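The model under discussion is predicted.

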Amino acid sequence: MDPRAAAVRPPALDIIIPARGEGATLEACLDSIADDAGGLDLLVVVIVNGPDRGATLEAAARGHRRLDSAGVPVRIIEASSAGKASALNRGDAERRGCAAVYLDADVTLLPGTLTSLAGTLSGSAAVLAAPPLRLAPSRSPITRAFARVWSSLPAVAGDVVGAGCYGVSAAGRERWRDFPDLVADDAFVRSCFLKAERRLTDSGGFVVTFPDGARLIRTVSRWHAGNRQLRLLPPGRGGERRDPGAGPWRNLAHVVRRVDVWPNLPAYLYVRAAAALVAYRGSGSAWAPVRQPVPRGGTDTVEPTDV
């Protein structure tokens, strides 16, 4: 091959999107990929599984048309096996062997995200990367208060956990074989990389909206269940803990110093306590409750984690 041709080859990314019941959000997710696809060699794989697949398949078909018009190849797969891990593994079977991005169907990418991820993941090293997470403002004062405290915690800043969008280089994807049947796939992947191998990109981002009311409590209870599963596994790479949380004492010491978040602590502690009770009573689900579509307007910048 002509070395000059190799030098101008656009960066390649395979984007794996498991989807179950996200008919209201998947089309916006795929549209955001089409808007951000310029100059990249992309393959988008959408895996639809679980019950009530009709609306999700319709949304995938509409997004397919938009991606086609942007010159992005798409594969939509209807899988019979339930569960997010099963969907991720089915999507991995379609990969071309380049860097991969794992994207939840209920998030929206901001301009520049894919280019930044492609550049970060294009080398020969094993790398895990994620863009900044942009948290859309909530209508609920309890959700807003919870998010303010959550976004200030030590494990939220300066590290990669995923929480809806993360990518691995081609060498990084060799760190594990199949996705295990765990709630927290993003935290599991994080534990396969040393801190020095994890990168936060400096442009773009992805937008999510925390649910309100009982749905927020169910979502946080899923975090509890996922972290509990991770603690039962052997240590991750380099002996790192699988659970991405900073631990209650470090969190407490941090919050004590953050006078600005004190007014939000009652709501935060209420949600965490209620979620812990729900997680204790149940085993959690391998799928998070579907988030609301991202509202148009501003967002608050935080870093991703499930802590």
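**Sheet, helices and salt bridges**

Asp 35 is exposed, because its relative accessible area of 55% lies over the 50% cut-off. In this predicted model, the side chain of Asp 35 forms a salt bridge with that of Arg 66, with N and O 2.2 Å apart. The two residues belong to distant parts of the chain, Asp 35 to helix H2 and Arg 66 to helix H3, and are 31 residues apart. Arg 66 is partly exposed, at 32% relative accessible area.

**Sheet**
- Seven strands make up an open, mixed sheet, ordered S3-S2-S1-S4-S8-S6-S9.
- Strands S3 (74-78) and S9 (198-200) each have a single partner strand, so one side of each lacks a neighbour in the sheet.
- From one strand to the next, the twist averages 20°.
- Strand S6 (residues 128-130) runs parallel to S9 and is joined to S9 by three bridges; in one of these strands, S9, Arg 199 is the bridge partner of Ala 129.

**Helices on the sheet**
- Helix H2 (residues 23-35) packs on the sheet and touches strands S1 (12-19), S2 (41-48) and S4 (99-103), its direction making about 175° with that of S1.
- Helix H3 (residues 54-69) lies across S1, S2 and S3, at about 170° to S3.

**Other salt bridges**
- The count of salt bridges comes to 13.
- Asp 104 pairs with Lys 84, the closest N and O atoms being 3.0 Å apart, and both residues are buried.
- Glu 94 and Arg 90 form a salt bridge at 2.8 Å between the closest N and O atoms; Glu 94 counts as buried at 18% relative accessibility, whereas Arg 90 counts as partly exposed at 32%.
- A network of salt bridges links Asp 14, Asp 41 and Arg 96.

Methods
Residues numbered from 1 in each chain as written. Predicted model: local features only at pLDDT ≥ 70, side-chain atom pairs only at ≥ 80, totals over all residues. Heavy atoms only, no water. Pairing = 2+ DSSP bridges. Helix = DSSP H or I, 4+ residues; strand = E, 2+ residues; numbered from the N terminus. Axes fitted to C-alpha atoms, helices over the stretch in contact; angles between N-to-C directions. Contact = heavy atoms within 4.5 Å. Salt bridge = Lys/Arg side-chain N within 4 Å of Asp/Glu carboxyl O. Buried < 20%, exposed > 50% of the residue type's maximum accessible area, 1.4 Å probe, protein only.
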